[in-house]
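Here is a short briefing for someone meeting this structure for the first time. Take a look at it before reading on.

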Amino acid sequence: MATQIFYFTGTGNSLHVARELQKRIPDATLVPVIGSLNNDSLKATAETVGFVFPIYLMGLPAPMVEFIERFDSTPANYLFAFATRGGTFHYADVMLAKMLKRRGKKLNAFFIATMVKNTPCGVAPKYLPGYKKMVERWPEAITNSQVKKLELPLQQKLDEVSNCIKNKSRWFDERSILRTILKRMTSMILPSAKAMKTTIPYFADSTCTSCAMCRKVCPSGKVDMGGNCPVWRKDKPCYLCFACFNSCPVQAILIRNRYEIKEGRYIHPKVSVKEIGAQKKPGEK
Ligand SMILES: Cc1cc2nc3c(=O)[nH]c(=O)nc-3n(C[C@H](O)[C@H](O)[C@H](O)COP(=O)(O)O)c2cc1C
Ligand code: SF4
Ligand code: SF4
(Lines give C-alpha, C1' and ligand atoms only; values in the text may rest on other atoms or scores of the structure.)
(Ligands and ions follow the chains in the order given, each with its own letter.)
Protein backbone atom coordinates (compact mmCIF):
# COMPACT_ATOMS: atom_id res chain seq x y z
CA MET A 1 0.00 0.00 0.00
CA ALA A 2 1.68 3.23 -1.14
CA THR A 3 1.08 6.56 0.57
CA GLN A 4 1.78 10.04 -0.73
CA ILE A 5 2.00 12.90 1.77
CA PHE A 6 1.70 16.34 0.16
CA TYR A 7 3.01 19.05 2.48
CA PHE A 8 3.25 22.80 2.75
CA THR A 9 5.20 24.57 5.49
CA GLY A 10 6.23 28.13 6.31
CA THR A 11 8.41 27.58 9.35
CA GLY A 12 8.89 23.83 9.64
CA ASN A 13 6.11 22.63 12.00
CA SER A 14 4.16 20.93 9.22
CA LEU A 15 7.32 19.54 7.61
CA HIS A 16 8.29 18.04 10.99
CA VAL A 17 4.85 16.38 11.22
CA ALA A 18 5.00 15.13 7.62
CA ARG A 19 8.41 13.56 8.23
CA GLU A 20 7.33 11.96 11.48
CA LEU A 21 4.34 10.43 9.69
CA GLN A 22 6.60 9.20 6.91
CA LYS A 23 8.81 7.44 9.50
CA ARG A 24 5.76 5.57 10.82
CA ILE A 25 4.05 4.67 7.54
CA PRO A 26 5.80 2.11 5.32
CA ASP A 27 6.17 3.18 1.66
CA ALA A 28 5.20 6.79 2.37
CA THR A 29 6.72 9.47 0.17
CA LEU A 30 6.78 13.21 0.84
CA VAL A 31 5.79 15.55 -1.97
CA PRO A 32 6.13 19.34 -1.66
CA VAL A 33 2.97 21.23 -2.63
CA ILE A 34 4.94 24.31 -3.68
CA GLY A 35 7.25 22.40 -6.05
CA SER A 36 4.26 20.51 -7.46
CA LEU A 37 2.30 23.68 -8.30
CA ASN A 38 4.64 24.25 -11.26
CA ASN A 39 3.56 20.95 -12.84
CA ASP A 40 0.97 21.07 -15.61
CA SER A 41 -0.96 18.18 -14.10
CA LEU A 42 -1.31 17.31 -10.42
CA LYS A 43 -2.20 13.65 -10.11
CA ALA A 44 -2.11 11.20 -7.21
CA THR A 45 -0.26 7.95 -7.80
CA ALA A 46 -1.01 6.22 -4.47
CA GLU A 47 -3.97 4.55 -2.82
CA THR A 48 -3.57 6.61 0.34
CA VAL A 49 -3.10 10.35 0.00
CA GLY A 50 -2.47 12.84 2.80
CA PHE A 51 -2.18 16.63 3.06
CA VAL A 52 -0.12 18.24 5.83
CA PHE A 53 -0.30 22.02 6.24
CA PRO A 54 -0.63 24.87 8.76
CA ILE A 55 -3.92 26.54 9.67
CA TYR A 56 -4.08 30.14 8.36
CA LEU A 57 -6.96 32.42 9.34
CA MET A 58 -8.77 29.37 10.73
CA GLY A 59 -8.74 27.75 7.30
CA LEU A 60 -6.41 26.51 4.56
CA PRO A 61 -3.34 28.43 3.30
CA ALA A 62 -3.59 29.83 -0.24
CA PRO A 63 -1.16 27.34 -1.88
CA MET A 64 -3.12 24.40 -0.40
CA VAL A 65 -6.35 25.78 -1.87
CA GLU A 66 -4.66 26.22 -5.27
CA PHE A 67 -3.28 22.68 -5.06
CA ILE A 68 -6.56 20.97 -4.07
CA GLU A 69 -8.48 22.86 -6.76
CA ARG A 70 -6.23 21.31 -9.40
CA PHE A 71 -5.48 17.96 -7.79
CA ASP A 72 -6.71 14.73 -9.39
CA SER A 73 -6.88 12.10 -6.65
CA THR A 74 -8.57 9.41 -8.79
CA PRO A 75 -6.36 6.43 -7.76
CA ALA A 76 -6.72 7.21 -4.03
CA ASN A 77 -9.30 5.40 -1.91
CA TYR A 78 -8.31 7.00 1.41
CA LEU A 79 -7.72 10.73 1.85
CA PHE A 80 -6.52 12.28 5.11
CA ALA A 81 -5.27 15.64 6.32
CA PHE A 82 -3.11 16.68 9.26
CA ALA A 83 -3.09 20.37 10.14
CA THR A 84 -0.78 22.17 12.55
CA ARG A 85 -1.94 25.30 14.33
CA GLY A 86 -1.06 27.83 17.01
CA GLY A 87 -4.15 26.92 19.03
CA THR A 88 -7.39 28.56 17.87
CA PHE A 89 -10.71 27.27 16.59
CA HIS A 90 -10.56 26.34 12.89
CA TYR A 91 -12.84 25.20 10.08
CA ALA A 92 -10.16 23.72 7.81
CA ASP A 93 -11.71 20.22 7.94
CA VAL A 94 -15.06 21.49 6.68
CA MET A 95 -13.37 23.70 4.06
CA LEU A 96 -11.19 20.85 2.77
CA ALA A 97 -14.05 18.32 2.74
CA LYS A 98 -16.16 20.76 0.69
CA MET A 99 -13.36 21.33 -1.82
CA LEU A 100 -12.74 17.59 -2.24
CA LYS A 101 -16.47 16.90 -2.58
CA ARG A 102 -16.60 19.35 -5.49
CA ARG A 103 -13.94 17.15 -7.11
CA GLY A 104 -15.96 14.00 -6.42
CA LYS A 105 -13.84 12.85 -3.48
CA LYS A 106 -14.40 12.24 0.22
CA LEU A 107 -12.15 13.30 3.09
CA ASN A 108 -11.81 10.22 5.32
CA ALA A 109 -9.84 11.62 8.25
CA PHE A 110 -8.70 14.95 9.67
CA PHE A 111 -6.16 15.37 12.48
CA ILE A 112 -4.99 18.54 14.18
CA ALA A 113 -2.08 19.32 16.51
CA THR A 114 -1.24 22.47 18.40
CA MET A 115 2.35 23.55 17.88
CA VAL A 116 4.29 26.80 18.33
CA LYS A 117 2.56 29.81 16.72
CA ASN A 118 4.97 31.01 14.06
CA THR A 119 3.95 34.67 13.93
CA PRO A 120 3.79 37.46 16.52
CA CYS A 121 0.66 38.99 15.01
CA GLY A 122 -0.29 37.11 11.81
CA VAL A 123 -2.53 39.41 9.82
CA ALA A 124 -4.73 40.31 12.80
CA PRO A 125 -5.89 43.94 12.88
CA LYS A 126 -4.18 46.07 15.54
CA TYR A 127 -7.54 47.02 17.08
CA LEU A 128 -8.34 43.36 17.87
CA PRO A 129 -8.89 42.92 21.64
CA GLY A 130 -5.75 41.36 23.16
CA TYR A 131 -3.56 42.24 20.14
CA LYS A 132 -0.87 44.00 22.23
CA LYS A 133 -0.59 41.14 24.74
CA MET A 134 -0.46 38.55 21.96
CA VAL A 135 2.48 40.38 20.34
CA GLU A 136 4.29 40.95 23.65
CA ARG A 137 3.99 37.30 24.68
CA TRP A 138 5.25 35.86 21.39
CA PRO A 139 9.01 35.75 22.23
CA GLU A 140 8.27 33.65 25.36
CA ALA A 141 6.00 31.33 23.39
CA ILE A 142 8.64 30.32 20.84
CA THR A 143 11.47 29.12 23.09
CA ASN A 144 12.91 25.61 22.76
CA SER A 145 11.36 24.63 26.10
CA GLN A 146 7.91 25.48 24.67
CA VAL A 147 8.64 23.33 21.61
CA LYS A 148 9.74 20.47 23.89
CA LYS A 149 6.59 20.76 25.99
CA LEU A 150 4.43 20.33 22.90
CA GLU A 151 6.60 17.59 21.36
CA LEU A 152 5.70 14.76 23.76
CA PRO A 153 1.92 14.90 23.19
CA LEU A 154 2.64 15.36 19.48
CA GLN A 155 4.71 12.17 19.31
CA GLN A 156 1.94 10.23 21.08
CA LYS A 157 -0.63 11.66 18.71
CA LEU A 158 1.50 10.76 15.68
CA ASP A 159 1.58 7.11 16.83
CA GLU A 160 -2.22 7.04 17.02
CA VAL A 161 -2.66 8.92 13.76
CA SER A 162 -0.31 6.65 11.82
CA ASN A 163 -2.20 3.55 13.05
CA CYS A 164 -5.44 5.17 11.97
CA ILE A 165 -3.98 5.89 8.52
CA LYS A 166 -2.53 2.38 8.14
CA ASN A 167 -5.97 0.92 8.98
CA LYS A 168 -7.69 3.49 6.72
CA SER A 169 -10.00 4.40 9.59
CA ARG A 170 -12.50 7.23 9.50
CA TRP A 171 -11.58 9.89 12.07
CA PHE A 172 -12.23 13.58 12.62
CA ASP A 173 -10.56 15.45 15.50
CA GLU A 174 -12.72 17.93 17.41
CA ARG A 175 -15.95 17.14 15.67
CA SER A 176 -19.28 17.49 17.45
CA ILE A 177 -22.62 18.49 15.93
CA LEU A 178 -22.43 21.99 17.43
CA ARG A 179 -18.84 22.49 16.33
CA THR A 180 -19.63 21.31 12.81
CA ILE A 181 -22.53 23.77 12.52
CA LEU A 182 -20.24 26.57 13.72
CA LYS A 183 -17.54 25.49 11.26
CA ARG A 184 -20.00 25.42 8.35
CA MET A 185 -21.25 28.90 9.26
CA THR A 186 -17.68 30.22 9.56
CA SER A 187 -16.76 28.72 6.20
CA MET A 188 -19.64 30.63 4.60
CA ILE A 189 -18.83 33.96 6.26
CA LEU A 190 -15.03 34.21 6.38
CA PRO A 191 -12.89 34.80 3.30
CA SER A 192 -10.10 32.23 2.94
CA ALA A 193 -6.41 33.21 3.09
CA LYS A 194 -6.41 32.92 -0.72
CA ALA A 195 -9.40 35.22 -1.20
CA MET A 196 -8.07 37.88 1.21
CA LYS A 197 -5.06 38.87 -0.92
CA THR A 198 -3.51 40.53 2.14
CA THR A 199 0.09 41.68 2.13
CA ILE A 200 2.27 42.16 5.20
CA PRO A 201 4.23 45.45 5.47
CA TYR A 202 7.67 43.84 5.71
CA PHE A 203 10.88 45.81 5.35
CA ALA A 204 14.56 45.07 5.98
CA ASP A 205 16.56 47.41 8.22
CA SER A 206 20.21 48.44 7.92
CA THR A 207 21.48 45.25 9.60
CA CYS A 208 20.69 43.25 6.43
CA THR A 209 23.83 41.45 5.22
CA SER A 210 22.46 40.73 1.71
CA CYS A 211 22.68 36.97 2.27
CA ALA A 212 19.47 36.41 0.20
CA MET A 213 18.14 33.72 2.56
CA CYS A 214 14.73 35.47 2.58
CA ARG A 215 14.56 35.18 -1.22
CA LYS A 216 15.62 31.53 -1.14
CA VAL A 217 12.87 30.48 1.32
CA CYS A 218 10.00 32.53 -0.13
CA PRO A 219 7.58 29.96 -1.62
CA SER A 220 5.71 32.41 -3.84
CA GLY A 221 8.65 34.26 -5.38
CA LYS A 222 7.53 37.53 -3.78
CA VAL A 223 10.93 38.28 -2.23
CA ASP A 224 13.57 39.48 -4.64
CA MET A 225 16.99 40.99 -4.03
CA GLY A 226 16.77 44.61 -5.19
CA GLY A 227 20.46 45.45 -5.11
CA ASN A 228 21.68 44.80 -1.56
CA CYS A 229 18.35 44.50 0.23
CA PRO A 230 15.23 42.37 -0.22
CA VAL A 231 12.19 43.85 -1.93
CA TRP A 232 8.71 42.37 -1.78
CA ARG A 233 7.44 42.32 -5.39
CA LYS A 234 3.98 43.75 -6.00
CA ASP A 235 3.30 41.39 -8.91
CA LYS A 236 3.59 38.21 -6.80
CA PRO A 237 1.18 36.95 -4.13
CA CYS A 238 2.20 36.59 -0.50
CA TYR A 239 1.26 33.20 0.94
CA LEU A 240 1.46 34.77 4.46
CA CYS A 241 3.83 32.01 5.57
CA PHE A 242 6.21 34.23 7.58
CA ALA A 243 9.18 32.23 6.23
CA CYS A 244 11.12 35.33 5.11
CA PHE A 245 10.60 37.09 8.46
CA ASN A 246 11.56 34.03 10.54
CA SER A 247 14.49 32.84 8.40
CA CYS A 248 16.61 35.98 8.42
CA PRO A 249 19.77 35.07 10.39
CA VAL A 250 20.16 38.62 11.74
CA GLN A 251 16.46 39.40 12.28
CA ALA A 252 16.72 42.28 9.83
CA ILE A 253 13.15 41.76 8.58
CA LEU A 254 10.60 43.77 10.53
CA ILE A 255 6.89 44.48 10.09
CA ARG A 256 6.06 48.15 9.81
CA ASN A 257 3.98 49.48 12.73
CA ARG A 258 3.39 45.93 13.96
CA TYR A 259 6.61 44.23 14.94
CA GLU A 260 9.63 46.46 14.61
CA ILE A 261 11.69 44.63 17.23
CA LYS A 262 14.33 41.89 17.13
CA GLU A 263 12.85 39.75 19.89
CA GLY A 264 13.22 36.24 18.54
CA ARG A 265 12.17 34.44 15.39
CA TYR A 266 10.80 30.92 15.01
CA ILE A 267 11.78 27.96 12.84
CA HIS A 268 11.07 24.45 14.10
CA PRO A 269 14.35 23.28 15.72
CA LYS A 270 14.41 19.98 13.79
CA VAL A 271 13.98 21.69 10.40
CA SER A 272 16.56 23.83 8.64
CA VAL A 273 15.89 26.98 6.66
CA LYS A 274 17.47 25.22 3.69
CA GLU A 275 14.89 22.42 3.94
CA ILE A 276 12.06 24.96 3.97
CA GLY A 277 13.51 26.54 0.81
CA ALA A 278 13.82 23.07 -0.76
CA GLN A 279 10.02 22.66 -0.88
CA LYS A 280 10.17 24.80 -4.05
CA LYS A 281 11.90 21.93 -5.83
CA PRO A 282 9.59 19.39 -7.48
CA GLY A 283 9.76 15.67 -6.74
CA GLU A 284 9.21 13.01 -4.15
CA LYS A 285 11.35 12.08 -1.14
C1 LIG B 1 -0.90 34.09 8.48
C2 LIG B 1 -1.05 33.11 9.59
C3 LIG B 1 -2.30 32.84 10.10
C4 LIG B 1 -2.45 31.92 11.13
N5 LIG B 1 -3.70 31.67 11.59
C6 LIG B 1 -3.87 30.78 12.59
C7 LIG B 1 -5.18 30.50 13.08
O8 LIG B 1 -6.19 31.02 12.60
N9 LIG B 1 -5.29 29.61 14.11
C10 LIG B 1 -4.20 28.99 14.68
O11 LIG B 1 -4.38 28.22 15.61
N12 LIG B 1 -2.95 29.23 14.21
C13 LIG B 1 -2.76 30.09 13.18
N14 LIG B 1 -1.49 30.34 12.70
C15 LIG B 1 -0.34 29.62 13.30
C16 LIG B 1 0.12 28.43 12.44
O17 LIG B 1 -0.97 27.68 11.99
C18 LIG B 1 1.05 27.48 13.22
O19 LIG B 1 2.08 28.12 13.85
C20 LIG B 1 1.58 26.38 12.30
O21 LIG B 1 2.00 25.28 13.06
C22 LIG B 1 2.73 26.85 11.42
O23 LIG B 1 3.12 25.77 10.60
P24 LIG B 1 4.42 25.79 9.69
O25 LIG B 1 5.60 25.95 10.63
O26 LIG B 1 4.41 24.47 9.02
O27 LIG B 1 4.30 26.93 8.76
C28 LIG B 1 -1.32 31.24 11.68
C29 LIG B 1 -0.06 31.49 11.13
C30 LIG B 1 0.09 32.41 10.10
C31 LIG B 1 1.45 32.66 9.54
S1 SF4 C 1 17.74 37.09 5.07
FE2 SF4 C 1 18.01 38.95 6.27
S3 SF4 C 1 20.16 39.47 6.04
FE4 SF4 C 1 19.68 37.99 4.44
S5 SF4 C 1 19.10 39.30 2.66
FE6 SF4 C 1 17.20 38.81 3.74
S7 SF4 C 1 16.92 40.53 5.12
FE8 SF4 C 1 19.03 40.60 4.47
S1 SF4 D 1 6.90 37.23 1.18
FE2 SF4 D 1 7.45 36.19 3.09
S3 SF4 D 1 5.47 35.70 4.00
FE4 SF4 D 1 5.05 36.19 1.87
S5 SF4 D 1 5.13 34.22 0.78
FE6 SF4 D 1 7.20 35.07 0.70
S7 SF4 D 1 8.25 34.19 2.46
FE8 SF4 D 1 6.06 33.91 2.80
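The notes below go through domains, sheet, core, helices and ligands in turn.

This is a predicted model. The domain assignment of the protein gives domain 1 (3-194) and domain 2 (195-262 + 269-280). Ligand 1 lies between the two domains, because both give residues to the shell around it.

**Domains**

- The centres of domain 1 and domain 2, taken over C-alpha atoms, are 22 Å apart.
- On the domain 1 side, 27 residues are in contact with domain 2, and 21 residues of domain 2 take part in return.
- Five helices each supply at least two residues to the side of domain 1 that touches domain 2: helix 1, helix 2 (33-36), helix 3 (62-70), helix 6 (144-166) and helix 8 (193-196).
- That side of domain 1 consists of 15 nonpolar, ten polar and two charged residues.

**The sheet**

- In general, strands of a sheet pair through backbone hydrogen bonds.
- Strand 4 (residues 48-54) and strand 6 run parallel and are joined by seven bridges.
- Two pairs illustrate this: Phe-51 is opposite Ala-81, and Gly-50 has Phe-80 as its bridge partner.
- Strand 6 also runs parallel to strand 7 (residues 109-114), with six bridges between them. Here Ala-81 stands opposite Phe-110.
- Is strand 6 enclosed or open? Seven of its eight residues are buried, so the rest of the structure largely encloses strand 6.

**Nonpolar cores**

- The largest nonpolar core holds 69 residues. Ile-5, Tyr-7, Met-64, Phe-82 and Cys-244 have the most contacts inside it.
- What does Phe-82 touch beyond its neighbours within four places in sequence? Phe-82 is in contact with Val-17, Leu-21, Gly-50, Val-52, Phe-111 and Val-161.
- Another core, of six residues, lies apart from the largest one. Val-116, Trp-138, Tyr-266 and Ile-267 are among its members.

- Helix 4 (residues 92-102) has buried residues at Ala-92, Asp-93, Val-94, Met-95, Leu-96 and Ala-97.
- The cover over the buried residues of helix 4 includes helix 3, strand 6, strand 7, strand 8 and helix 7 (177-189).
- Gly-104 follows helix 4, and its phi is positive, near 75°.
- Met-134 belongs to helix 5 (residues 131-141). Is Met-134 buried or partly exposed? With 18 C-beta neighbours inside 10 Å, Met-134 counts as partly exposed, because a buried residue needs 20 or more.
- Met-134 and Pro-120 are 14 residues apart along the chain, and 7.0 Å separate their C-alpha atoms.

**Ligands**

- Ligand 1 has 27 residues around it. Gly-10, Asn-13, Ser-14, Pro-54 and Gly-86 come nearest.
- The shell around ligand 1 contains ten nonpolar, 15 polar and two charged residues.
- Ligand 2 is surrounded by 13 residues, and the closest are Cys-208, Cys-211, Met-213, Cys-214 and Cys-248.
- Eleven nonpolar and two polar residues form the shell around ligand 2, with no charged residues.
- Which residues are closest to ligand 3? Of the 14 residues that surround ligand 3, these are Cys-218, Lys-222, Cys-238, Cys-241 and Cys-244.
- By class, twelve nonpolar residues, one polar and one charged make up the shell around ligand 3.

Definitions and conventions:
Residues numbered from 1 in each chain as written. Chains lettered and ligands numbered in written order. Predicted model: local features only at pLDDT ≥ 70, side-chain atom pairs only at ≥ 80, totals over all residues. Near = placed C-beta within 6 Å. Nonpolar A, V, L, I, M, F, W, Y, C, P; charged D, E, K, R; others polar. Domains from an automatic or database assignment. Core = buried A, V, L, I, M, F, W, Y, C linked by C-beta atoms within 7 Å. Buried ≥ 20, exposed ≤ 12 C-beta atoms within 10 Å, placed from the backbone. Contact = placed C-beta atoms within 7 Å. Pairing = 2+ DSSP bridges. Helix = DSSP H or I, 4+ residues; strand = E, 2+ residues; numbered from the N terminus.
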